[in-house]
Structures are given as C-alpha cells and as structure tokens.
Amino acid sequence: MKRILLGAGLGMAAALALAAPAQAAKTLVYCSEGSPENFNPALNTTGTSWDASLPVVSTLVQFERGGTKVVPGLAESWTISDDGLVYTFKLRAGIKWHSNNDFKPTRDANVDDVIFSIERQWKKEHPFHKVSGGAYDYFADMAMPTLLKSVEKIDNLTVKITLNEVEAPFLANMAMAFMGIQSAEYAEAMLKKGTPEKVDQVPIGTGPFQFVAYQKDAVIRFKAFDGYWGGKQPIDNLVFAITPDAAVRLAKLKAGECHVMAYPNPADIEAMKKDASITVQEQEGLNVGYVSFNTLKKPFDDVKVRRAISMAIDKKAIVDAVYQGAGVPAKNPIPPTMWSYNKAIEDYPFDQERAKKLLAEAGYPNGFETDLWAMPVARPYNPNAKRVAEMMQADLAKIGVKAKVVQYEWGEYRKRMQQGEHLMGMLGWTGDNGDPDNFLYTLLGCEAARPGGNNLSKWCNKEFDGLVVQAKRTNDLAARTKLYEQAQVIFKEEAPWYTIAHSVVYMGLNKAVQGYKMDPFALHYFDGVDLKQ
C-alpha cells in the first residue's frame with residue numbers, strides 16, 4: 001500500500017492602484033487575452049476559460065507544478081491499493097465555501113461535493129448532467145466514463161474511487177482543472193430555484209478568491225476570500241481585464257493599467273526587457289501548435305494529400321517571422337522537453353515539387369480549394385495565427401491549393417472545430433499534467449475523435465490507439481516510453497496534423513508585482529501574489 005501526503009472601473013482607477021497608500025486595498029489587474037465561456041472548467045478545454053475559474057475552484061488533488069506553489073487541493077492525503085485500482089482520499093477538515101447573493105453555505109466542503117462533481121460529468125441520469133449544455137469533453141476524451149467503476153462515500157471526509165483498469169496518469173489527471181470540485185449544496189439550492197445554470201455562471205468555490213462579477217468581453221472581478229483555509233491573500237482584489245490585442249495589453253502594462261499581461265508579441269520582448277518598469281518572465285513551453293487536417297472529409301481523407309500539404313509549407317519561414325526566436329519548428333505531437341519524445345523521427349522536408357507530385361498521385365493535379373481556420377486570439381503555442389495562416393495561404397497557392405482563411409469568436413471557433421466543421425484548422429495544446437498521455441491520447445486517441453472531442457482531425461488509427469492505451473495500463477516508465485516512441489512514428493507517417501512549432505512562453509509584469517511565478521502548463525495562478533506599495 002502506497003501512501004502520499006500533500007503539504008499544506010479599470011482605466012485610471014487601475015493605474016492609481018500602483019501608487020495607492022499602504023492602508024488602501026490592493027487591487028491586482030491581469031490583462032488576459034480572451035473571454036471565458038463560463039466558470040466551470042469541466043465544461044471547457046481552453047486555458048482562457050480555465051484561468052477564469054482557477055481563483056475560485058479547487059481540485060481534489062493538486063501538485064506543485066515545476067516548483068511553483070499553487071492552490072492546494074481538497075485532499076490532505078491518499079492511499080493507493082497494491083493493484084493500482086483503488087484510490088482512497090482523505091479530505092482536509094474545515095474548508096469553507098464562498099457565498100453570493102443567492103446562496104449562503106451551511107456546511108464545510110465534504111465528500112458529497114466530490115461525488116457530485118464527478119457524477120455530474122459521469123452519469124447521464126444525474127440531474128445536473130445536461131445543465132449548461134452538458135458537454136464534458138475533457139472527461140469523455142480521457143475515457144473517464146469507462147475507467148471509473150465506483151465513487152463511494154466512506155465518511156464525510158473520506159472518498160474511495162475504484163477504477164476498472166490501471167491508469168498510470170490517474171492522479172495527475174485528478175489534479176487538472178476539469179476535476180474542479182463544486183458545491184453540491186449550492187447546486188441543489190439553484191435547482192430548486194429553477195436556475196441551475198448559475199452554478200456554472202456565478203460560481204462559488206473554496207479557492208483563495210471569491211467571484212464578484214463578470215462583464216462579458218470586458219472584465220472579471222474577484223475579491224480575496226476571508227474564509228480561505230490557507231489564509232487571506234496579500235491582495236484584496238483581483239481583476240481580469242479582457243484585452244485580446246497584445247499591443248493593447250502591452251500599452252496597458254506600460255501605463256500602469258494592468259500589473260500582469262499574458263502573451264506579449266514576440267517582436268516586443270526585447271524592448272520589454274529593456275524597460276525599467278517591466279519584468280519579463282519566460283520559460284520553455286510544454287506545448288505544440290499545429291494545423292488539424294479533417295481526415296473524415298475529402299481531400300484530407302487521403303494521406304498523400306496530408307503529406308503534400310506538409311511539404312508545401314515553409315515551416316522555418318513561419319517560425320522565424322512569427323515566433324521570432326521564441327519558438328522551434330515542431331515535428332512531433334509532444335514537445336522535445338517531454339519524456340518519451342522521439343528524437344529519431346525526421347520531419348517532412350519543405351519541397352513544393354514533391355508536394356505537387358503527391359497531389360497529382362492523389363488525383364488533384366491542379367490542386368483544390370480548402371478552408372484554413374485561424375484562431376482569433378494569441379495562445380502560448382501560436383502568438384499570431386492570422387499571420388501564420390496568411391503565410392501558409394501564400395505557400396499553398398504555389399502548388400495550386402486555394403486556401404480561404406476563416407475566423408470565428410474564440411469560444412465559437414473551438415466548438416466548431418471540435419465538431420469537425422473545418423477542413424484545415426489551427427489550434428494547439430499546452431500540457432496539463434506533464435504526461436505524454438495528455439497529448440497522445442487526449443488529442444489523437446480514438447475516444448477523442450467523436451464529434452465534440454479534442455481529436456480535431458477525427459483520426460482514429462487502431463494501431464496508434466492501441467499503443468497509447470497500452471501505455472496507460474502500466475506504471476513501468478521504460479515500457480511506456482517505448483510505446484509512445486512507436487506511436488509517434490505512426491503519427492508522422494499518417495500526418496493527421498501539420499505540426500508548426502513549440503514556443504517559449506513570456507509574461508510581462510509591472511515591477512510592483514511580487515511572488516508571481518509562471519506555471520509550466522500555461523495557466524495563471526494569483527494566490528500568494530502581492531503588490532509593493
């Protein structure tokens with residue numbers, strides 16, 4: 001038996017926060033890149049939406065990430081059975097829930113909340129399963145519905161989770177935002193009032209910050225939670241100023257209208273480093289940016305077409321022009337810093353003549369017309385998707401492929417791509433737990449190839465899928481590494497993606513900010529962060 005213990009109005013008003021007297025309330029403003037879809041991470045797969053819920057929501061399990069202390073989980077300790085199938089979690093006592101105008105909690109967090117949060121996603125007959133659309137894509141893509149055998153209450157602070165099969169990354173998965181714990185008592189109260197969707201739109205949680213208000217596409221406001229079991233935060237208020245344009249985010253940072261900005265333009269990094277009022281943090285991203293080929297639609301159901309497109313685009317030119325030293329060309333679906341990365345694989349060469357020959361062999365000697373979707377927001381793995389799309393469009397025209405660039409609002413973009421509406425579409429991924437499974441199974445496995453799943457190419461290769469599933473079922477790291485290396489060979493041969501780049505991620509901070517540390521999984525945590533006054 002193994003036992004693990006876990007240690008314990010913007011504008012001028014925002015600018016004035018930098019110079020406020022010591023006794024004044026401290027307000028930290030974070031210039032974020034986009035709007036959340038809602039405040040329940042179980043319903044989303046984007047970091048933009050997860051970031052908006054992280055101040056409020058706690059998970060059952062939480063690890064320190066890359067040495068960065070983040071909000072701990074509800075579980076104080078846990079045991080794992082010798083056969084690796086039974087996990088018993090002991091919750092911390094005395095964890096308080098937030099409140100709002102509609103609800104005042106009558107009890108502390110307990111196992112009922114854990115069971116509610118899992119069964120809402122798991123069981124179709126659950127009264128909250130269909131609330132807010134009922135699409136639990138992350139839960140489904142990780143095959144949690146078939147992995148879970150039972151979730152049992154032992155007592156108010158002890159829950160036992162039994163699996164049908166060994167799942168090597170299970171604990172790491174339970175630490176992810178999609179497993180955020182919601183209040184069963186709040187859910188029941190809102191159900192009785194006929195407003196169950198408030199659980200996802202007006203969230204309460206057990207985290208260090210309490211939700212105050214959201215003005216769509218403009219601002220999210222939080223305040224420090226006085227009842228937080230980990231102690232009151234150094235800052236009193238946390239504000240997300242939603243600012244999609246990177247140049248505007250930087251202007252706000254320089255003007256003192258925000259203290260932390262996400263994803264600066266690579267072209268601005270050197271100037272930011274020379275600015276005495278700004279601190280620049282950076283780290284190699286655990287990410288990949290790519291173009292998904294929809295393998296269920298012609299002409300991308302033909303591997304020769306996918307290979308031809310992969311040879312027609314000048315990847316080095318894109319990385320040089322768009323990433324500007326903040327990225328490296330990608331050849332595999334996992335980043336080179338991740339264990340099991342297959343260094344031996346060779347990328348498709350940039351060779352437009354060979355690309356034309358492949359198209360002719362596939363029956364398209366004169367090319368074809370296609371769409372090319374580009375994200376409307378900057379992401380850690382792609383700082384300027386529109387520019388990347390334009391460069392790809394120019395390259396493809398040289399082999400007779402006419403690509404029309406398509407964009408939608410960010411939430412709509414992601415949903416449509418997950419439904420498989422595109423022919424070619426850009427997206428990317430930042431790892432959530434440091435395990436290759438989080439890329440190879442979640443993004444490319446057959447389970448995730450369903451409509452709404454994260455396998456955007458809808459590519460289901462039984463040999464590839466068999467390898468990554470087999471890798472889940474053993475805790476032998478050497479065996480898992482070999483299986484993942486083999487899976488990457490199949491991925492490259494079948495080319496369901498055009499892999500673009502792995503990027504370095506940057507954050508800009510006002511010099512007044514203390515204690516902020518970048519998260520290796522590109523999420524943004526503000527517990528423990530302070531402002532000098």
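Q: Which residues lie nearest the centre of the largest pocket?
A: Rolling a probe the size of a water molecule over the atoms shows where empty space is left. This is a predicted model, in which local features need pLDDT of at least 70 and side-chain atom pairs count only at pLDDT 80 or more, while totals for chains, interfaces and linings use all residues. Residues are numbered from 1 along each chain as its sequence is written, and side-chain values use heavy atoms, with hydrogens and water left out. A pocket is an open set of points on a 1 Å grid over the protein atoms alone, with protein on both sides within 12 Å along at least five of seven lines; a cavity is a set of points where a 1.4 Å probe fits but cannot get out; lining residues have an atom within 4 Å of a point. Here, Leu43, Ala135, Asp137, Arg414 and Lys415 lie nearest the centre of the largest pocket, out of 15 lining residues.

Q: What volume does the largest pocket have, and which element gives the most to its lining?
A: A volume is the space filled by probe spheres set on grid points, which are joined across faces, edges and corners. Helices (H or I, at least four residues) and strands (E, at least two) are DSSP runs, numbered from the N terminus. The largest pocket has about 250 Å³. Helix H15 gives the most to its lining, with four residues.

Q: How does the lining of the largest pocket divide by class?
A: Ala, Val, Leu, Ile, Met, Phe, Trp, Tyr, Cys and Pro count as nonpolar, Asp, Glu, Lys and Arg as charged, and the others, Gly among them, as polar. The lining of the largest pocket has seven polar, five charged and three nonpolar residues.

Q: Where does the second largest pocket have its centre?
A: Its volume is about 190 Å³. Closest to the centre are Pro376, Val377, Ala378, Pro383 and Asn384, among 14 lining residues. Helices H9 (246-255) and H14 (385-397) are the elements that give two or more residues to this lining. By class, the lining of the second largest pocket has nine nonpolar, three polar and two charged residues.

Q: How many residues line the largest cavity?
A: The largest cavity holds about 240 Å³ of space. It is lined by 20 residues, and Thr45, Thr46, Gly47, Arg379 and Thr430 lie nearest its centre. Helix H2 (47-53), helix H15 (410-419) and strand S16 (424-430) are the elements that give two or more residues to the lining. The largest share, four residues, comes from S16. The lining of the largest cavity counts 11 nonpolar, six polar and three charged residues.

Q: What is the volume of the second largest cavity?
A: The second largest cavity has about 140 Å³. Of its 15 lining residues, Pro264, Pro266, Pro380, Pro383 and Val504 are closest to the centre. Strand S17 (residues 497-510) gives the largest share, four residues. The classes are 12 nonpolar, two polar and one charged.

Q: At what angle do helices H17 and H18 pack?
A: Two packed helices are described by the angle between their axes and the distance between the axes. Axes are lines fitted to C-alpha atoms, for helices over the stretch in contact, and angles run from 0 to 180 degrees between N-to-C directions. Angles under 35 degrees count as roughly parallel, over 145 as roughly antiparallel, 65 to 115 as roughly perpendicular and the rest as oblique. A crossing is left-handed if the near helix is turned anticlockwise from the far one by less than a right angle, and right-handed if clockwise. Contact means heavy atoms within 4.5 Å. H17 (residues 462-472) and H18 (residues 477-494) pack at about 160°, with axes 9 Å apart. H17 and H18 are therefore roughly antiparallel. H17 passes H18 in a left-handed crossing. The contact residues include Phe464 and Leu467 of H17, and Leu483 and Ile490 of H18. By class, this contact has nine nonpolar, two polar and two charged residues.

Q: How are the axes of H11 and H13 placed?
A: The axes of H11 and H13 (residues 352-361) come within 8 Å and cross at roughly 165°. H11 and H13 are therefore roughly antiparallel. H11 passes H13 in a left-handed crossing. Among the contact residues are Val305 and Met311 of H11, with Leu358 and Leu359 of H13.

Q: Which peptide bond is cis?
A: The bond from Lys298 to Pro299 is cis, with omega near 5°. Pro299 sits in the loop between strand S12 (287-293) and helix H11 (303-312).
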